[in-house]
Amino acid sequence: MYIRGIDEPLISRIFAITLTGAAQAWFSTLPANSIGSFEEFGENFLLNFATSKKHPKSEFSLGKIHQQPDETLQRYLNRFKDVALQVPGLQENVHVHLIVAGLDGTSRLAKSLYKDPVKTLEEFRTRSKKYVELEQMGIANAQSDEGKRISLRRRSPASKGNERVDNKKKESRARILDGWDRVGRYEKYTPLNAPRSQIWRKVAMKEMKKVERPRPIFDRGGLDKSKYCAFHDGPGHSTDQCWDLRDAVEKFVRDGRLCQYVIKTQGSKNNTRKS
């Protein structure tokens, strides 16, 4: 604009149009006729936003960088390098002093440098490279050992024994959910000439319509959804496996009903629970 001979008042107006955000808000607060020249406008602008300027890093910034106890050497060196690149005119001897001072004092590299100090960055890089490689090798070995321990635990006899116990618990739980481990109300059950599921299906709305229905099975996880009990009207076990239905049928039999399903025998009228 200066080359084209545009005067300062017009330059000031055009510059103001380019402002956005906080700069535009600042400009709107300026009193009318408070700016006498574009140079004055620029000075006021820079003065107001001086704190927003991104200042370069200094040696003081590097002095605050320290290797954390759980931080790898490579990660610390990378963090230090990223800040060091932002420090203008950083002298080599100061660089070496600060990067050594920031090391974890208990690390092997720090102990090595305390015994045999280095004077140049090249010497430091050569020394630190060896310890970075040793550290990475140790991490890889530790991960390999952990993998072997996990594999051995999986294949150990104790692990297999625990697995068998867990499987037995699962089988026992499944049997309970299926109804096989329920204890019935009666010591003996009358032998019948038809499955109880068939009896329930045929007489549920007639002779047994007044029977008290059991509560639905509460699903705590592990119910066999492939099996359905018509008596409970829900999944978990089959109708013939249902002890609640066995008790209900037995009660009606002993009350003199459902005689058409009772097997006539010369001996005892009742059979064991295994029937």
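**Figure 1. Tyr76 and Phe80 in helix H5 of the predicted model.** Tyr76 and Phe80 are both buried. They are 4 residues apart in helix H5, so about one helical turn separates them. An α-helix has 3.6 residues a turn, so residues three or four places apart point the same way. The two ring centres of Tyr76 and Phe80 lie 6.2 Å apart. Their planes meet at 50 degrees, so this pair counts as tilted. Leaving aside neighbours within four places in sequence, Tyr76 contacts Ile65, His66, Gln67, Glu71, Leu98, Ile99, Gly102 and Leu103.

Figure 2. Leu73 belongs to helix H5, which spans residues 73-84. Is Leu73 buried or exposed? Its relative accessible area is 5%, so Leu73 is buried. Residues up to four places away in sequence aside, Leu73 touches Gln67, Leu103, Leu109, Ser128, Tyr131, Val132 and Glu135. The C-alpha atoms of Leu73 and Glu133 are separated by 9.8 Å, although the two residues are 60 apart along the chain.

**Figure 3. The largest nonpolar core.** This core holds 23 residues. Which of them touch the most other members? They are Leu62, Leu73, Tyr76, Phe80, Leu103 and Phe124. At least two core residues come from each of H5, helix H6 (92-101), helix H7 (108-115) and helix H8 (121-155). H5 supplies the largest share, 6 residues. A second, separate core has 16 residues, among them Leu245, Ala248, Phe252 and Val262.

**Figure 4. Helix H7 and its two sides.** Leu109, Ala110, Ser112 and Leu113 are the buried residues of H7. Viewed down the helix axis, they fall within an arc of 160 degrees, so they line one face of H7. The face turned away from this buried side carries Arg108 and Lys115, which are exposed.

**Figure 5. The Trp26–Phe49 ring pair.** The whole structure contains 12 aromatic pairs. In the pair of Trp26 and Phe49, the ring centres are 6.0 Å apart. The planes stand at 75 degrees, so the pair is edge-to-face. Trp26 is buried, at a relative accessible area of 11%. Phe49 has 21% relative accessibility and counts as partly exposed, because the cut-off for buried is under 20%.

Figure 6. Trp26 and Phe49 belong to one aromatic cluster with Phe15, Phe27, Phe38, Phe41 and Phe45.

**Figure 7. Arg246 over the ring of Trp243.** Arg246 lies over the face of Trp243. Its distance from the ring centre is 4.6 Å.

**Figure 8. The whole chain, for context.** The chain has 275 residues, and buried residues make up 30% of them. Its secondary structure comprises 11 helices and 4 strands. Of the contacts between residues at least 6 apart in sequence, 56% join residues at least 24 apart. The accessible surface comes to about 19700 Å². Carbon and sulfur atoms account for 54% of that surface.

Notes
Residues numbered from 1 in each chain as written. Predicted model: local features only at pLDDT ≥ 70, side-chain atom pairs only at ≥ 80, totals over all residues. Heavy atoms only, no water. Buried < 20%, exposed > 50% of the residue type's maximum accessible area, 1.4 Å probe, protein only. Contact = heavy atoms within 4.5 Å. Core = buried A, V, L, I, M, F, W, Y, C linked by side-chain atoms within 4.5 Å. Areas by Shrake-Rupley, 256 points an atom, 1.4 Å probe, with all protein chains shown as cover. Phe/Tyr/Trp six-rings, centres within 6.5 Å; stacked < 30°, edge-to-face > 60°. Lys NZ or Arg CZ within 6 Å of the ring centre and 35° of its normal. Arc of directions from axis to C-beta.
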